[in-house]
Amino acid sequence: MFNLGNMLNLGSTEPIIGRASTLVECSTKDLFKYLGEDLFQNYPKWSPEVQELEQLTPGPVQLGTLGRQVRLDMGRRSESRFKIFTFEPGVRLVLAGVSDPFRCTYELQDMNLEKSTKLTFSFELLELLVVMRPFEGLVRSAIKDGAERTVQNIKRLVEAEKSMESSAT
């Protein structure tokens with residue numbers, strides 16, 4: 001297929017994917033509640049780059065819920081709208097950009113009788129702007145680091161919350 005970007009050596013047009021996993025001492029049910037059902041309360045906690053977050057559709061978070069975020073990544077401000085494309089409680093949550101070509105996937109796997117969950121997060125930048133293609137290596141590295149930071153932030157926050165709940169009872 002004809003691809004002007006590749007002909008002019010402007011870099012790849014392939015998606016850039018960052019993926020990371022960790023084990024969280026928490027049930028899949030509780031972890032999905034934190035990530036999915038309480039998305040608009042918790043997302044800025046695990047992703048401090050989020051400066052503003054707004055739920056655009058009323059009611060509980062579910063399949064089709066729309067949101068808007070303003071991020072500050074490495075000094076660059078961006079605004080995007082996203083939609084929940086997959087909402088499978090205890091299993092998977094997928095957010096995809098409506099105004100920008102990205103997808104975030106949170107996959108949960110029960111590892112120890114509801115005591116621990118394997119969390120796998122992936123961020124996919126589905127298209128890199130032509131002006132950014134010369135910096136593809138830096139973008140790829142930042143996305144990979146961001147995926148690792150995301151799962152570690154979620155682990156730290158969820159386990160700290162569980163610890164505080166346990167000590168309060």
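Glutamate 49 touches Val70, Arg71, Leu72, Asp73 and Arg149 (heavy atoms within 4.5 Å), leaving aside residues up to four places away in sequence. The model is predicted, so local features need pLDDT of at least 70 and side-chain atom pairs count only at pLDDT 80 or more, while totals for chains, interfaces and linings use all residues. Residues are numbered from 1 along each chain as its sequence is written, and side-chain values use heavy atoms, with hydrogens and water left out.

Glutamate 49 sits in the loop between helix H3 (39-46) and strand E2 (50-55); helices (H or I, at least four residues) and strands (E, at least two) are DSSP runs, numbered from the N terminus. With a relative accessible area of 17%, glutamate 49 is buried (under 20% relative accessible area, using a 1.4 Å probe and protein chains only).

Then there's the largest pocket, with about 1200 Å³ of space. A pocket here is an open set of points on a 1 Å grid over the protein atoms alone, where a 1.4 Å probe fits, with protein on both sides within 12 Å along at least five of seven lines; lining residues have an atom within 4 Å of a point. The volume is the space filled by probe spheres set on the points, which are joined across faces, edges and corners. Of the 36 lining residues, Arg71, Asp73, Arg76, Phe123 and Ile143 are the closest to the pocket's centre. Helix H4 gives the most to this lining, with 10 residues.

Notes:
Buried means under 20% relative accessible area, exposed over 50%, partly exposed in between (1.4 Å probe, protein chains only).
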